Amino acid sequence: MLTVLMFCTHYSTKNKKRKGERENWRSGDRTPSPLPSPRRRLSVMAKICYQILKYNGQGAMAWKLNNLSSLTTNNQKFTTSEIPTCLVLKFIKHLYSSSTPHLECVNLGHGFNSDTFYASLIDNSTHEIHLNQIHSRIVVSGLQHNGFLITKMVNGSSNVGHIGYARKLFDEFRFPDVFLWNAIIRSYSRSDMFGDVIEMYRSMRWAGVNPDCFTFPYVLKACTELLDFRLTRIVHGQVFRHGFRSDVFVQNGLVALYAKCGLIGNARVVFNGLYDRTVVSWTSIISGFAQNGEAIEALQMFNQMRNTDAKPDWIALVSILKAYTDVDDLEQGRSLHGCVIKMGLEHEPDLLISLAALYAKCGQVTVARSFFDQMEAPNVIMWNAMISGYAKNGHAEEAVNLFRDMILRNIRPDSVTVRSTVIACAQVGSLELAQWMDDYVRKSKYESDIYVNTALIDMYAKCGSVESARRVFDHTSHKDVVLWSAMIMGYGLHGQGWEAINIYNAMKQARVCPNDVTFIGLLSACNHTGLVKEGWELFNCMKDFGIEPRNEHYSSVVDLLGRAGYLDRAYAFILKMPVEPGVSVWGALLSACNIHRHVKMGEYAANKLFSLDPYNIGHYVQLSNLYASSRLWNRVAHVRVLMKEKGLSKDLGYSLIEINGKLQAFHIGDKTHPRAEEIFDELQRLERRLKEVGFIPHTDSVLHDLNYEEKEENLSIHSERIAIAYGLISTAPGTTLRITKNLRACINCHSAIKLISKLVAREIIVRDANRFHHFRDGCCSCGDYW
DNA sequence: TACTATGAAC
């Protein structure tokens, strides 16, 4: 109060200055101007100032409304219901700036002081400032103890998103009735502050006020959100005791609550007990079934619903669709789609989005796209469904193009869009694109979004620049376990096992607890670097963190041991596994047998693989290579027959290189490029120089077919070599060449590229199917460990 | 004076 008095004194002494300042705020100056002072001391205005200051903390803000001069409606009369908000506000402003506000108010008619008038003002308010002013008027009119009006005020405050103001209003009211209690409970519910809902509910009961049929829906919703089973039981008991066993709103709340808690049986009992079922009751039980993975039950319920008076709407369908999307059930989704058409709901935008999401997730990108194209104005979520659908199904370029489209059309991407696009960029593998995307993120508001940054780290690692990945990592201030793990993975991919371990140690220092994924990254980093001892130790300390190893972890260890030549240990390790060994485990053993030419064990592993994963060509090729390296030609032929029987043919190898932002693909012996002649000249030149320095091709790999490419007499025309030659003639000396290959690099090319990097003094970065190879000055970052 | 259900991206 002291502040207010000072405030008023202050302004009455500076009365002369006032006029100029008023001009100022009227002309649109946004800095809060001082309040005009009342001409008469101790006027009504002082009270108003007080209220505004108290409830808003920014009293001057209240005076920033304009167009004051146009109000000349003193003699005009409105009934309360027809007063438009703008006029009301003009009126209030006029009232406030007038020298005799109270009198003018009276002049305007009696209706302007009634509670219905204020109720209409409150209902029309769209901003906290309006409410502040109305509240001031209420206080001035002596209506501050009117429970109805204060309830309205509380509701109004929560509608404009000001829960703190609502709470202040509530706290100042001495004896809140059930309406006011409901209003404050509702306010918390609307602000998703469910803990407070329960707290207020408790206080309400403590104050001896009985909850009514409007109280329980909010309380039940809060129980649903908090997933507090103990509380649920208590509240259910109270519902029972207060006699709301047949109130459909309350009972609907209970159905939803039990369904969300996973107690679908209880939900069903409550639902069956309802004799008056509304759309909401049906939707609650249907989505309950859908969320609990009982899609068939949900659909049956939906069909039942269609035979009732409750007109089914699309909401229930959305939750059933979601259930199908979650389990990739395209067939059921399709039949539901038919249902949607039969019901004439196929133009409902939200259903279209759900359908598109289903089709996109199940790989039917074209169908999803047709929905997308059908929509007049697809929203962000629709764009996101398309972008991530494309990215997930190997159409990464399409995803990026869609993102560009989106920007061109001025549709604001959200963090999910950005993240999905970054993931797509990672798949494309172009560093230039990666940098473009990074730039975009830096300029957007998602610069410090941890999910986006995690995706960026992964993207840079996959696009060949572990340094850039590290830069993003260093610039992210809050690091969670996923971000740390992404960085560890990145180092692993580039064969920098020690860096990965350093990061892991730093992570522990930062008191971030590793998870299963962290260890997958660490173990694969050890694999790619040949750190057998370290990998083994890391595997063994997983249990210290309470992490149960999965197949991925076991296969890493098998790989680690097997590659280092400890085949028997690897085999014994598999036998001791507490879970059934999967494809990755036997695959690791087979490839280790391949390296060390252990035919017997390799055959054993291959047979396991053939029964677990019969249509994966890789296993057959591996076995065939194993036989070939042991010169068991009959068996090689036998494997070939097996492959033919299964109708499997080998993947064609190709390499990509990006020159000036354009991706160029080359197949083996590819002469289709316009500059093919120059390319092959360059290849021959390279070949000559290799011979000069004494390079001897490993002819073995022709037999081995290690990289799955067709058997060729001339190893120098493997696709990565052509890409390198093209890169050399198309870029300035010293430029780093970045190549992506769909298969593993063959040992011959690997050795040749090492030398080439030295001969042409270039860094050559090759991303093969497994990892990155950085060739520089005659060496490869993988240390021949791949 | 007012109430409950629901979903799409990751």
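**Chat: a helix pair and a sheet**

Analyst: Let's open with α26 and α27 in this predicted model: these two helices are roughly antiparallel to each other, because angles over 145 degrees count that way and theirs is about 165°.

User: Nice! How far apart are the axes of α26 and α27, then?

Analyst: Their axes are 7 Å apart, with α26 covering residues 450–462 and α27 covering residues 466–475.

User: And is the crossing left-handed or right-handed?

Analyst: Left-handed, as α26 passes α27.

User: Which residues make the contact?

Analyst: From α26 you have N453, L456, I457, Y460 and A461. On the α27 side, V466, S468, A469, R471, V472 and F473 take part.

User: How do the residues of that contact divide into nonpolar, polar and charged?

Analyst: Eight are nonpolar, two are polar and one is charged.

User: Okay, switching to the sheet. What's the strand order?

Analyst: The order is β2-β1-β3-β4-β5-β6, in an open sheet of six strands with mixed pairing.

User: How many bridges join β1 to β2?

Analyst: Six, and the two strands run antiparallel, β1 being residues 654–659. Within that pair, L656 of β1 stands opposite A665 in β2.

User: Last one: which strands does helix α41 lie across?

Analyst: Helix α41 (residues 747–759) lies across β4 (764–767), β5 (772–776) and β6. Relative to β5, the helix runs at about 40°.

Definitions and conventions
Residues numbered from 1 in each chain as written. Chains lettered and ligands numbered in written order. Predicted model: local features only at pLDDT ≥ 70, side-chain atom pairs only at ≥ 80, totals over all residues. Heavy atoms only, no water. Pairing = 2+ DSSP bridges. Helix = DSSP H or I, 4+ residues; strand = E, 2+ residues; numbered from the N terminus. Contact = heavy atoms within 4.5 Å. Axes fitted to C-alpha atoms, helices over the stretch in contact; angles between N-to-C directions. Parallel < 35°, antiparallel > 145°, perpendicular 65-115°, else oblique. Left-handed = near helix turned anticlockwise from the far one by under 90°. Nonpolar A, V, L, I, M, F, W, Y, C, P; charged D, E, K, R; others polar.
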